[in-house]
Amino acid sequence: MQGILIIAPNWIGDAVMTQPLLTRLKAQYPESKIDVLASTWVAPIYRACHAVNEVIEAKFEHQQLQWRLRKQLAKDLQSKNYQACFILPNSFKSALIPWLANIPFRIGYRGELRYGLINLSLDNPSKINRPPMVEHYLALSQLLQDDEESSSSALRPTLNVSSLAKRSVEQKLAGANINPKSLFIFCPGAEYGPTKRWPTKHFAQLAKNILEGDANAQIILLGGKGDQEIAQNIQAETGLHANIHNWCGSTSLDEAIALIGIAKAVVSNDSGLMHIAAALKTPQVAIFGSSDPAHTPPLSDKAKVLWLNLPCSPCHQKICPLGHLRCLNDILPQQVLATLNTLQ
């Protein structure tokens, strides 16, 4: 198997959880070159994966077919003579490129009218009894070989910090007079919606508690441009403390990976940055609300999950259907701080 192409998922957390599949494929086919076709948004995750030979970036847009772009990509990829392609998203459009590129083995989960576009497939698990996402992706590795021994044990995601990104954040930290040895990272956003976001007032109180215990602590609020307002609210509720820094939207994903890698600890919602922290083995507290930590846990011995497991959880809804959001409101800052202290 000389060439393998991976069609990457479109979400950062999902991308992190595909890394064990790449490691498994490299072990199965050590002479193969594994390339990844990824959106610009998740491409940095694959640049941090040892098993990847080349990351091919494409400006994919959500819910857009982009037929001309996909045809051109297929034409470009056809010249690379890939023998197999793993199509990790479940969508019809994600399966178009390897089919147009005439890649012989097109592997993925059945769904969304993909019959013929993929020719080696597994049934999608039910939404009621879903396996952990890492195992979900790993299961595809067995489709190219007869024995199932290699798929018997799950691997944990592992990422590597690029030296370029590390130098970049070291310069930024020095410019902001932030000591990396006393750095805490808060990730207050979650792309999915409010039922995955711990309240800003709780983040603010936790920040105050940390600074009361250690006046030298520095807290960086990390996330995308869409998280800037959330971070501003946290800052406002702490009285714009000089040791709390809003870097949401002002770092690249490569830099965010580097920052998380050097942090003393991370506090996050169930988000892509949570999975990055786990893959970097940074001490972390992961706060779950509407989602299920059995399905998307942070896979690290240095991670602690806080989840109340209420009778209404997990509801997987973007807005609390009962209107109280107790699954997050009732996880108190002092509980998170106590959990953080067990990680030090």
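Helices and strands here are DSSP runs, numbered from the N terminus. With that naming, L325 lies in the loop between β12 and α12. The model is a predicted one.

I'll stay with L325 for a moment. Its phi is near 50°, a positive value in a residue other than glycine. Most residues other than glycine have a negative phi. Is L325 buried or exposed? Buried means under 20% relative accessible area, and L325 has 18%, so L325 is buried.

P314 is found in the loop between β12, residues 303-306, and α12, residues 326-329. A cis peptide bond joins S313 and P314, with omega about -10°. Most peptide bonds are trans.

Next, N102. Phi of N102 is near 60°, again positive in a residue other than glycine. N102 sits in the loop between α5 (92-100) and β5 (105-109). The cut-off for exposed is over 50%; N102 has 53% relative accessibility, so N102 counts as exposed.

Among the buried residues of α8 are F203, L206, I210 and L211.

Last, the whole chain. How many helices and strands does the chain have? There are 13 helices and twelve strands. For 344 residues, a compact globule would have a radius of gyration near 20 Å; the chain has 21 Å, which agrees. Buried residues make up 52% of the 344. The C-alpha trace spans about 60 × 45 × 40 Å along its principal axes.

Definitions and conventions: Residues are numbered from 1 along each chain as its sequence is written. This is a predicted model: local features need pLDDT of at least 70, side-chain atom pairs count only at pLDDT 80 or more; totals for chains, interfaces and linings use all residues. Side-chain values use heavy atoms; hydrogens and water are left out. Helices (H or I, at least four residues) and strands (E, at least two) are DSSP runs, numbered from the N terminus. The radius of gyration is taken over C-alpha atoms; the globule rule is 2.2 Å times the number of residues to the power 0.38. Buried means under 20% relative accessible area, exposed over 50%, partly exposed in between (1.4 Å probe, protein chains only).
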